[in-house]
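Student: I would like to go through this structure and learn what the terms used for it rest on. Please begin with the overall make-up.

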There are 2 protein chains.
Amino acid sequence: MKQSLTLIPTMREVPSDIEVKSYKMLLRAGFLKPSTYGVYSYLPLAKRLLTKIENIVREEIEALGAIEISLSTLQSHDIWELSERIHHFKDELFTLTDKDKRDLLLAPSHEEVVTMLVRDEIKTYKKLPLILYQIQMAYRDEKKSRTGLLRSREFYINDIYSFHENEESLSATYERILQAYTNILNRLRLNYHIVDADSGIKGEIQSQEFIIPSEFGDTIIVKSNESNYVANIEVAKVTQNTDEIKEVQKSLEKVSTPEVKTIKDLCLYFNISPESCIKMLVYVIDDEFVVVLVRGDHQVNEFKLKKVHNATFLRLATEDEIIKLLDCSPGSIGPIKLPINIKVYADFAIQTLNNAVTGANEEGYHYMNVNPERDFAINTYADLRYIKEGEISPDGVGITQYIYGHEIGRVIKLGTFFSEKFNANFVDENDNSNPILMGSYQLGVSRLLAILAEKYQDDNGFVWPTHLSPYDIHLIPINREDEVQWNLSTELYNILSSYHFDVLFDDRHESPGVKFTDADLIGLPVRVMIGKRANEGIVEVKIRSTGETFEWAKEELIDRLNEFFRTNSYN
Amino acid sequence: MKQSLTLIPTMREVPSDIEVKSYKMLLRAGFLKPSTYGVYSYLPLAKRLLTKIENIVREEIEALGAIEISLSTLQSHDIWELSERIHHFKDELFTLTDKDKRDLLLAPSHEEVVTMLVRDEIKTYKKLPLILYQIQMAYRDEKKSRTGLLRSREFYINDIYSFHENEESLSATYERILQAYTNILNRLRLNYHIVDADSGIKGEIQSQEFIIPSEFGDTIIVKSNESNYVANIEVAKVTQNTDEIKEVQKSLEKVSTPEVKTIKDLCLYFNISPESCIKMLVYVIDDEFVVVLVRGDHQVNEFKLKKVHNATFLRLATEDEIIKLLDCSPGSIGPIKLPINIKVYADFAIQTLNNAVTGANEEGYHYMNVNPERDFAINTYADLRYIKEGEISPDGVGITQYIYGHEIGRVIKLGTFFSEKFNANFVDENDNSNPILMGSYQLGVSRLLAILAEKYQDDNGFVWPTHLSPYDIHLIPINREDEVQWNLSTELYNILSSYHFDVLFDDRHESPGVKFTDADLIGLPVRVMIGKRANEGIVEVKIRSTGETFEWAKEELIDRLNEFFRTNSYN
């Protein structure tokens with residue numbers, strides 16, 4: 001490809017508000033262009049890279065015997081009401097109304113529509129198992145979307161849906177897809193953790209995630225410093241809460257606490273640590289108000305809360321709702337003398353507290369010397385918080401460490417949640433009707449592009465491995481106006497192309513400095529420069545990854561390049 | 001592919017309200033599944049067919065030197081305001097609002113976003129020309145969308161955008177893309193007309209459409225019965241209006257016409273023909289009310305009207321607007337004594353009318369003996385109507401015939417409309433800044449699938465040509481339970497696959513009748529049936545297109561099949 005014919009708008013300066021490492025370099029190297037907030041256009045180099053990733057994904061998935069389809073992106077709102085996922089995604093769904101006032105949405109995933117398809121077409125165990133997949137755009141109105149392709153609102157994703165007559169069959173396919181995704185990440189030379197996770201879908205049997213470790217990641221996984229234990233923090237169990245030395249229970253005391261609104265304020269005011277505070281939060285769970293208590297230094301884990309309550313949907317109550325409910329603003333609320341009959345969940349750590357501090361449900365007042373059970377009732381104790389670094393690992397071996405990473409994929413044994421909602425039943429060998437068991441599997445393709453962009457770069461630009469690079473070779477005449485250099489360059493362009501190298505030929509009228517800077521940014525594995533020794537038939541070759549340079553004669557070039565690509569092949 | 005592993009839900013009965021030939025067969029043969037109104041999911045066979053079409057499109061376009069990109073589908077409403085195309089598409093745009101109240105839409109095409117991209121990145125003639133393309137989903141809230149993939153609201157399309165420093169360069173690329181599209185349609189063995197058209201975009205230099213002739217088509221093209229003239233009816237000029245024999249002008253007469261609302265009513269009431277009536281329509285053109293007069297038997301051509309008025313946007317006035325404007329309902333309006341100062345356009349055919357009939361602008365009254373100029377003023381005479389069959393051909397040679405067809409693609413020399421709106425300028429060799437010239441080109445990919453589905457079928461199902469067929473060979477053991485047949489079938493499946501035939505292996509436990517009916521519906525070019533003579537190593541082969549059957553020995557099968565596919569190759 002002649003560089004003058006394509007569009008690679010490299011940048012010398014990236015807007016200073018762009019901090020995400022992958023996004024920054026995708027902009028600098030002319031791969032990506034923001035279109036509207038959190039939405040991007042893929043420029044020619046990114047499109048080539050995307051196609052390479054897609055081919056690897058497709059190969060591994062086709063090898064499973066999965067069948068490619070393309071499910072509609074525009075979907076009826078109704079089917080999302082039926083699955084109740086409309087509540088799960090909340091305002092992260094893009095919804096719209098057509099000109100005849102039908103409610104539609106842009107699908108972030110396709111469980112509903114594929115379940116309906118299978119319900120209509122699969123009636124008997126003879127047609128099971130079935131594995132369907134697609135690779136296409138999906139949509140999600142992400143909260144954090146200034147991160148380039150890590151969390152774009154229009155994203156390219158592979159999803160697989162599998163259908164089974166029994167759990168054995170589901171498990172077997174689940175394992176095979178887990179392996180296929182593993183193969184894909186291995187072929188991309190990415191490190192990853194496979195961790196237990198929680199898809200948030202009711203009735204799921206099992207789910208796991210693929211996390212690519214990265215200091216820039218927004219997912220926290222918990223690992224033991226001594227065992228192989230690793231899990232998404234969402235599901236990491238807290239097995240032991242510190243046994244506080246119980247003081248003698250003192251008398252409850254109400255204290256005026258003007259201006260105290262947060263746990264931090266409270267600690268300063270009373271000169272105590274957050275471990276001595278009871279933090280109360282009010283949730284709306286499936287339209288019911290619920291109180292949740294955790295220690296002042298702990299954070300509520302909503303995934304755990306959802307499971308404990310067997311909830312479909314939960315959210316924090318708004319300040320207005322709390323004031324209406326408790327006649328007190330959030331800064332002063334507490335579990336003592338709640339003005340209404342309301343369910344109280346407490347984290348296990350609350351059990352061991354005594355003489356604690358908490359809000360008095362009266363504007364500007366808190367209680368001291370609060371003792372659970374004595375001073376207020378608790379409906380249910382449960383593990384309701386995120387584990388902290390340094391605590392005993394959930395498996396009991398070693399202590400907990402945090403690792404940050406990017407979630408790149410997930411595999412879920414859905415069970416019968418969707419098939420029950422949509423009446424997707426099959427008749428088994430004994431003529432009994434049963435709901436079809438389902439699995440659902442996602443691998444982020446444009447997110448993979450971002451992760452690869454984060455990994456394969458140095459200060460000067462991208463450093464693509466041979467099997468992912470948008471082109472193999474960057475061919476650069478150093479002086480475009482020098483006839484000897486130019487002639488040798490065009491000759492080599494033709495020869496290299498005839499040997500099936502993908503060549504990016506820098507035929508632009510630019511200075512050598514501009515061309516080299518651009519070449520570094522673009523990051524092709526090999527740069528062939530035609531300069532002063534063109535008259536001798538000698539070219540200079542630079543390896544992007546190592547910085548090594550060679551002078552090779554025209555005649556040996558093909559052999560040398562073949563040798564390089566052979567020894568640096570990853571596929 | 002084992003048929004038991006894929007999803008081909010053939011149907012014996014298609015819902016009776018489905019009339020479109022292509023859609024009906026895509027449903028019957030298990031290629032397509034409606035998802036929501038006017039939106040479809042592509043099942044495995046359709047996805048394979050789509051990929052084959054896409055590959056042909058991609059090959060021809062890449063051969064041009066066009067560069068693949070992927071522009072965002074989710075786009076800001078603002079840029080469509082700026083281009084004013086928001087008015088052009090009206091309620092055919094899917095619009096939505098994100099959770100932060102930004103106005104977005106789903107793009108039906110990408111002129112705005114690609115112009116902005118090029119504006120930001122291309123500053124000099126040195127980087128021109130540039131040809132960018134993509135193949136991806138686009139969205140349009142179509143009026144008629146119960147037609148399957150002919151007018152689906154979510155559709156797969158190829159679009160190309162080209163950028164130039166002068167019209168010569170634009171024209172050269174335009175011709176090359178016209179040729180590439182021609183090549184694609186030739187490779188698909190489709191008949192087509194390339195006709196002059198009107199893209200509706202202001203300032204366009206030229207546009208042409210590819211029309212596939214079909215009695216089921218909703219586009220009308222006009223051709224001469226004697227010359228090569230052919231054009232979309234939108235642009236077919238009326239060159240000659242009948243010279244009426246002028247009667248002596250009679251006196252204007254107002255007549256009470258209760259219940260007369262339409263031209264048809266009028267003709268019955270006065271016992272005249274529509275040729276003697278003046279039909280008046282009220283349009284809103286760029287926020288201005290305008291009156292348009294055509295003869296009673298003629299239809300206003302809005303494309304011509306738009307050009308004459310140099311309009312951005314027009315629509316018929318609503319009944320309420322007309323009543324408010326003229327104090328008279330649409331059934332009785334006419335050009336005499338218009339109560340307001342309003343621009344009056346008349347089709348040339350009005351010029352030759354005398355003693356005509358028209359509405360009196362008074363509820364339930366019409367005028368007789370109406371004579372243009374004498375009885376009412378006309379601002380502009382112009383060619384404002386659709387040509388009728390039987391009239392003199394626009395090129396003056398022969399008479400006009402109508403051909404119905406499907407529009408499958410269009411090529412447009414846009415000129416500088418978008419670059420002026422978005423300030424996409426370049427500096428030329430003389431250091432002058434000029435707007436970039438643009439071209440835009442679309443070929444409907446999912447619509448092609450529908451057109452192929454319409455063409456390649458008989459009463460029993462699809463009849464795919466070898467190069468488009470989802471699989472090459474349908475391999476069918478007649479009795480699945482017969483061990484000899486089954487063993488030979490699996491052996492042949494392995495052998496055929498090893499020779500790189502794409503085989504669909506009907507391994508289902510179904511009766512021969514069901515399998516044959518399904519095989520006819522699916523329509524693969526060759527059916528290999530393993531039946532009673534399996535013990536002799538003899539199979540039966542049926543050619544789908546001709547119905548010919550052969551008995552071939554296992555040993556000769558590969559040679560025979562190679563021979564068949566060689567002599568029936570289209571690529």
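Tutor: Chain A has 15 helices and 31 strands; helices (H or I, at least four residues) and strands (E, at least two) are DSSP runs, numbered from the N terminus. The model is predicted, so local features need pLDDT of at least 70 and side-chain atom pairs pLDDT 80 or more, while totals for chains, interfaces and linings use all residues. Residues are numbered from 1 along each chain as its sequence is written, chains are lettered from A and ligands numbered from 1 in the order in which they are written, and side-chain values use heavy atoms, with hydrogens and water left out.

Student: Which domains make up the division of chain A?

Tutor: Chain A is divided into domain 1 (49-71 + 108-236 + 402-450), domain 2 (253-382) and domain 3 (462-567). These bounds come from an automatic or database domain assignment. Taken over C-alpha atoms, the centres of domain 2 and domain 3 of chain A are 66 Å apart.

Student: Why is H298(A) called buried?

Tutor: Buried means under 20% relative accessible area, exposed over 50%, and partly exposed in between (1.4 Å probe, protein chains only). H298(A) has a relative accessible area of 1%, so H298(A) counts as buried. Of the 571 residues of chain A, 59% count as buried.

Student: Where does H298(A) lie, between which elements?

Tutor: H298(A) is in the loop between β15 (288-295) and α8 (302-309) of chain A.

Student: What makes the pair H298(A) and R385(A) a polar contact?

Tutor: A polar contact is a pair of N or O atoms within 3.5 Å; within protein, one must be able to donate a hydrogen and the other to accept it, and residues adjacent in sequence count only if both atoms are side-chain atoms. The side chains of H298(A) and R385(A) make such a contact at 3.3 Å, therefore under that limit.

Student: Why is K33(A) with E121(B) called a salt bridge?

Tutor: The term needs a side-chain nitrogen of Lys or Arg within 4 Å of a carboxyl oxygen of Asp or Glu. The closest N and O atoms of K33(A) and E121(B) are 3.1 Å apart, so the pair qualifies. Between chain B and chain A the count is ten salt bridges.

Student: How much area do chain B and chain A bury between them?

Tutor: They bury about 4700 Å², 62% of it on carbon and sulfur atoms. Buried area is the accessible area (1.4 Å probe) that two parts lose on being put together, summed over both. L7(B), L74(B) and K99(B) supply 13% of the area that chain B buries against chain A, more than any other three residues.
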